[in-house]
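Please look over the structure below before reading on.

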Amino acid sequence: MRGGLTPAMNPINNLSLTVSAELLPKFFQLLEQGFLVETSVGCSLRDFICGGLGLDGQYLADRVQTIFLDHNPVDDIDTALIQENSTVALSAAMPGLAGATLRKGGRFAAMRNQITCRTGTACESDQRTKVTVKFFNVIAKDLGGNLLNKGIRIQDSNFIWFANKHTEAFQAHIRSARLDGKTIDPHTLASIPRQGDLFLQAELC
């Protein structure tokens, strides 16, 4: 994954964590919940994934087998367009008939004609929007460490849910925590101020 996702859109709080290697994979659950990326309304899904998210085109072709845009499976990422407040989900191949049916450009694609994402001609506008991006299974494992090290913007409610779920692991494996540049007790992470969004960075100690 090239490039990086910066704390754009003026995030209210910046949280920087130093964690042990044992804890980092648990943070991939936050990638499944979704992180936020700003882009232009009307850009193609390919431009968003390769430009906005920084995924290599070859990785996208070989590794990302299932793509959802606004909860609909996508076959053609060049004509599927980002809309206001879109949601994009990326997954590796999923098992069984359901996985084969949902796979982009697969031979069972005709079976899901009624739910396949509708397409158009890319035409970026001056309007900017926040896109919710979700990484699942192998995609989260492949890209999660680098992504979290650079930082992601998430809803603070998702982080507080996550912190409450992993209280004991946080206590054992978070080495340091800084909120807006000030050192805080890792034990207090489940009660950080609720102000909307959070820019989170998690790096290995």
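This is a predicted model: local features need pLDDT of at least 70, side-chain atom pairs count only at pLDDT 80 or more; totals for chains, interfaces and linings use all residues.

Is strand 2 enclosed or open? Strand 2 spans residues 35-40, and five of its six residues are buried, so the rest of the structure largely encloses it. Buried here means under 20% relative accessible area.

## The largest nonpolar core

The largest nonpolar core holds 54 residues. Which of them touch the most other members? They are Phe27, Leu45, Phe48, Phe135 and Phe159. Helix 5, residues 137-150, gives this core its largest share, with five residues. In soluble globular proteins, nonpolar side chains tend to be buried together.

Take phenylalanine 159. Set aside its neighbours within four places in sequence, and its contacts are Leu15, Leu17, Phe27, Leu30, Ile154, Phe170, Leu189, Ile192, Leu198 and Leu200. One of these, Phe27, is also listed with Phe159 among the core residues that touch the most other members.

## Two positive phi angles

Aspartate 70 is not a glycine, yet its phi is positive, at about 55 degrees. Where is aspartate 70 found? It sits in the loop between strand 3 (66-69) and strand 4 (72-73). Its relative accessible area is 28%, so aspartate 70 counts as partly exposed. That class lies between the 20% limit for buried and the 50% limit for exposed.

Asparagine 137 is not a glycine either, and it has a positive phi of about 45 degrees. Asparagine 137 is partly exposed, with a relative accessible area of 29%.

## The chain as a whole

The protein chain has 205 residues, and 46% of them are buried. It contains seven helices and 10 strands.

How much accessible surface does the chain have? The total comes to about 9900 Å². Carbon and sulfur atoms account for 48% of that surface.

Now the contacts along the sequence. Consider those with a separation of 6 or more: 82% of them are between residues 24 or more positions apart.

Note on methods
Residues are numbered from 1 along each chain as its sequence is written. Side-chain values use heavy atoms; hydrogens and water are left out. Helices (H or I, at least four residues) and strands (E, at least two) are DSSP runs, numbered from the N terminus. Buried means under 20% relative accessible area, exposed over 50%, partly exposed in between (1.4 Å probe, protein chains only). Contact means heavy atoms within 4.5 Å. Accessible areas come from the Shrake-Rupley method with a 1.4 Å probe; for residues, only the protein chains shown count as cover. A nonpolar core is a set of buried Ala, Val, Leu, Ile, Met, Phe, Trp, Tyr and Cys residues joined through side-chain atoms within 4.5 Å.
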